[in-house]
Amino acid sequence: KRNFLGIIKKHATEMLEEVLSKVKQEYGVLSLFNDKSNAIDNIHMWSLYADGMRGFCLEFSKEKLTDSLIEKSRPDNNVEGESVNYQNEPIEINLLDSKELKVDKIIEMMSIKNDIFTAENEYRYICNNKGYNSYSVESLKAIYIGNKAKQEEKELLEAIVKSIYPDAKINYVEISKNNYSIEKL
């Protein structure tokens with residue numbers, strides 16, 4: 001009896017590893033901030049994801065981005081977007097239940113994050129077409145470039161945005177000298 005359970009657990013673990021491998025090879029994740037005003041004004045996010053004001057932040061129209069990711073994807077591509085679920089315990093998988101070892105369950109797990117990251121207010125697009133996915137030029141509303149970016153990088157970003165995304169606004173931002181907020185220049 002004990003050996004039988006060991007064999008089942010070993011088989012279930014192998015199945016889980018196979019599903020995880022498939023997900024890693026075939027699925028892609030695009031993670032975005034879910035709230036424009038909070039993302040642009042959030043010094044912590046600038047320090048983590050934009051190299052301390054040396055990077056940039058892209059603002060998309062959520063509706064236009066979602067529509068274009070679906071529209072521009074291959075016919076066999078599935079794109080789903082959802083807000084990240086923040087919780088203080090990871091999701092559990094019963095390795096003895098074959099329904100738990102499905103790709104859908106793994107994708108559900110990809111939308112869960114530890115609740116210490118709640119301030120990130122993340123929205124994720126998950127698609128079964130790993131790699132480059134295109135979106136419409138109308139999806140990009142604005143770019144916010146940190147004031148500490150190198151001048152040649154600022155110029156390059158501005159040239160790219162003006163030539164490919166002519167309707168997108170270009171903004172330069174810095175940390176306020178009077179308080180702990182982000183200001184447009």
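Select helix α4, residues 62-71. Its buried residues are Leu65, Ser68 and Leu69. These three lie on the same side of α4, because they cover an arc of only 100 degrees around the axis; the arc is that of the directions from the helix axis to the C-beta atoms. On the face of α4 turned away from the buried side are the exposed residues Glu63 and Glu71. Here, buried means under 20% relative accessible area, exposed means over 50%, and partly exposed lies in between (1.4 Å probe, protein chains only). Helices (H or I, at least four residues) and strands (E, at least two) are DSSP runs, numbered from the N terminus.

The model is predicted: local features need pLDDT of at least 70, and side-chain atom pairs count only at pLDDT 80 or more, while totals for chains, interfaces and linings use all residues. Residues are numbered from 1 along each chain as its sequence is written, and side-chain values use heavy atoms, with hydrogens and water left out.

**The loop between α3 and β2**

Next, select aspartate 51, in the loop between α3 (43-49) and β2 (56-60). Its phi is near 50 degrees, a positive value in a residue other than glycine. Methionine 53 lies in the loop between α3 and β2 as well, and has a positive phi of about 75 degrees although it is not a glycine. Most residues other than glycine have a negative phi. Is methionine 53 buried or exposed? Methionine 53 counts as buried, because its relative accessibility is 3%.

**Strand β6**

Now select strand β6, residues 122-127. The strand is mostly covered, with six of its six residues buried. Glu122, Arg124 and Ile126 point one way from β6, and Tyr123, Tyr125 and Cys127 point the other way.

Which strands are joined to β6? Strand β1 (residues 28-33) runs antiparallel to β6 and is joined to it by six bridges; two strands pair if DSSP finds at least two bridges between them. Within this pair, phenylalanine 33 has glutamate 122 as its bridge partner. Strand β3 (residues 79-83) is also antiparallel to β6, with five bridges between them. There, glycine 81 stands opposite tyrosine 125.

Isoleucine 143 stands opposite isoleucine 170 in β8. Isoleucine 170 is partly exposed, with a relative accessible area of 25%.

Continue to strand β9 (residues 182-184), which runs antiparallel to β8 and is joined to it by three bridges. A hairpin of six residues leads from β8 to β9. Valine 173 stands opposite lysine 184 in β9.

**A last selection**

Finally, select leucine 156 in helix α6. This residue is exposed, with a relative accessible area of 53%.
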